[in-house]
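Please look through the sequence and the structure shown here before reading on. The report that follows takes up a few places in turn.

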Amino acid sequence: MQKRLSDTQFSEVHQNIDLCNALFPLAFPKRITRIPLQPLKIGINEDLFIALNEAGHAVSMKAIRRMLGHWCSRPFYLKAFKESKVRIDLQGQPVTPLTEEEKLIAKTQLFARATQLAIKAEMRTDVIAEAAENALLAD
């Protein structure tokens with residue numbers, strides 16, 4: 001499971017995602033567009049570092065990795081593996097075919113995320129029920 005981002009890191013991640021949405025709309029499409037999301041090529045962090053810095057945006061490799069970690073762990077990204085057949089580069093061009101193993105890994109990560117959310121929801125429900133019971137007993 002990924003470590004939780006600080007407010008500053010979260011803000012930086014989303015600023016970098018916005019920057020990538022603007023500069024590389026085929027690789028980082030906004031949800032409101034009809035551009036299909038596709039898995040990114042392995043090693044795209046290096047391409048991003050070069051492209052962003054050449055475009056005059058001083059983004060560190062650490063910030064790029066953090067942003068990609070966030071982007072690539074989102075359910076909408078993991079779901080893209082189901083329909084996609086290839087990984088793409090920054091210009092949206094096919095680079096390598098997706099393997100069945102990569103699709104299975106994405107499916108497993110998506111399932112694990114859904115399970116974590118279900119456990120958290122159940123825990124919240126238990127806490128609310130306990131608080132309600134204690135409030136009734138206090139009367």
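Predicted model: local features only at pLDDT ≥ 70, side-chain atom pairs only at ≥ 80, totals over all residues.

A search of the whole structure finds 3 aromatic pairs, and Tyr77 with Phe81 forms an edge-to-face pair, with 5.6 Å from centre to centre and 75° between the planes. A pair of aromatic rings is described in this way, by the distance of the centres and the angle of the planes.

Are these two residues buried or exposed? Tyr77 has a relative accessibility of 3% and therefore counts as buried, and Phe81 is likewise buried, because its relative accessible area is 6%, where the cut-off for buried is under 20%. Elsewhere, Phe28, Trp71 and Phe76 form one aromatic cluster.

## The nonpolar core

The largest nonpolar core has 26 residues, and those with the most contacts inside it are Phe24, Phe28, Leu40, Leu48, Met67 and Leu68. Two or more residues of this core are given by each of helix 1 (7–23), helix 2 (44–54), helix 3 (61–72) and helix 4 (75–83), and the largest share, 5 residues, comes from helix 3.

Leu48 gives a view of how residues meet in this region: leaving aside neighbours within four places in sequence, Leu48 is in contact with Cys20, Phe24, Phe28, Ile64, Met67, Leu68 and Leu90.

## A buried asparagine

Asn16 is placed in helix 1, and because its relative accessibility is 11%, Asn16 counts as buried. When neighbours within four places in sequence are left aside, Asn16 is in contact with Val59, Ala63 and Met67. Met67 is also one of the residues with the most contacts inside the largest nonpolar core.

## A buried aspartate in a loop

Asp89 lies in the loop that runs between strand 1 (86–88) and strand 2 (94–97).

The side chain of Asp89 does, however, reach the backbone nitrogen of Gln93 at 2.9 Å.

Conventions:
Residues numbered from 1 in each chain as written. Heavy atoms only, no water. Helix = DSSP H or I, 4+ residues; strand = E, 2+ residues; numbered from the N terminus. Polar contact = N/O pair within 3.5 Å; in protein donor to acceptor, adjacent residues only side chain to side chain. Core = buried A, V, L, I, M, F, W, Y, C linked by side-chain atoms within 4.5 Å. Buried < 20%, exposed > 50% of the residue type's maximum accessible area, 1.4 Å probe, protein only. Contact = heavy atoms within 4.5 Å. Phe/Tyr/Trp six-rings, centres within 6.5 Å; stacked < 30°, edge-to-face > 60°.
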